[in-house]
Amino acid sequence: MGKRIHIHLAPLLQMSDFTQDELKRLIETSGESDNIDFKGPMTWDKSTQSAKLAKVIVSFANSRDGGAIVVGRSEVNGQFEITGLTEEEALSFETTKVASWINSRFSPPVRLVCNSIEYQKKRIVVISVSQFEDIPIIC
């Protein structure tokens, strides 16, 4: 069973970028929580996969302290494993492209940052989503 790591996201999500150690702490979290979600390998395709992920992003934007989505971690037999992404999948999660797509569909704008990191010889993307500032995000 994975080790339990408690991460207070508020100070992390206020940053424009994570350090490598902070990204690793998010990836190593043993399970999902109100502020952390894991997704298996996928591509930001501006279609079905993006729409499904957009619901999670907006949910975090409407949550206290926001949240982080670790893309490249899959649930296998009830356990979360580092499955990683292909280079093409990881490159599809470019912050400006993802934020533009999200913000053309939701208002007020969602603040997010996509970070790509190599972890255990696998490529992982961590999307950090900041809590909304004044009013909830709606489509």
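Which residues touch the most other members of the largest nonpolar core? Keep that in mind while we look around, and remember this is a predicted model.

So, the answer: the core has 25 residues, and Ile 57, Phe 93, Ile 102, Leu 112 and Ile 127 touch the most other members. Two or more residues each come from H3, E2, H5, E5 and E6. H3 gives the largest share, 7 residues.

Okay, let's stay with H3. What sits over them?

H3 and H5 pack at about 80°, with their axes 11 Å apart, so H3 is roughly perpendicular to H5. On the H3 side you've got Ser 50, Ala 51, Ala 54 and Ile 57, and they meet Val 98, Trp 101 and Ile 102 of H5. By type, that contact has 6 nonpolar residues, 1 polar and no charged.

Skipping neighbours within four places in sequence, Phe 93 is in contact with Met 42, Thr 43, Trp 44, Leu 53, Val 71, Val 98, Cys 114, Val 125 and Ile 127. And there's another core, apart from the one we started with: 14 residues, among them Ile 36, Phe 80, Ile 117 and Tyr 119.

Key:
Residues are numbered from 1 along each chain as its sequence is written. This is a predicted model: local features need pLDDT of at least 70, side-chain atom pairs count only at pLDDT 80 or more; totals for chains, interfaces and linings use all residues. Side-chain values use heavy atoms; hydrogens and water are left out. Axes are lines fitted to C-alpha atoms, for helices over the stretch in contact, and angles run from 0 to 180 degrees between N-to-C directions. Helices (H or I, at least four residues) and strands (E, at least two) are DSSP runs, numbered from the N terminus. Angles under 35 degrees count as roughly parallel, over 145 as roughly antiparallel, 65 to 115 as roughly perpendicular and the rest as oblique. Contact means heavy atoms within 4.5 Å. Ala, Val, Leu, Ile, Met, Phe, Trp, Tyr, Cys and Pro count as nonpolar, Asp, Glu, Lys and Arg as charged, and the others, Gly among them, as polar. A nonpolar core is a set of buried Ala, Val, Leu, Ile, Met, Phe, Trp, Tyr and Cys residues joined through side-chain atoms within 4.5 Å. Buried means under 20% relative accessible area, exposed over 50%, partly exposed in between (1.4 Å probe, protein chains only).
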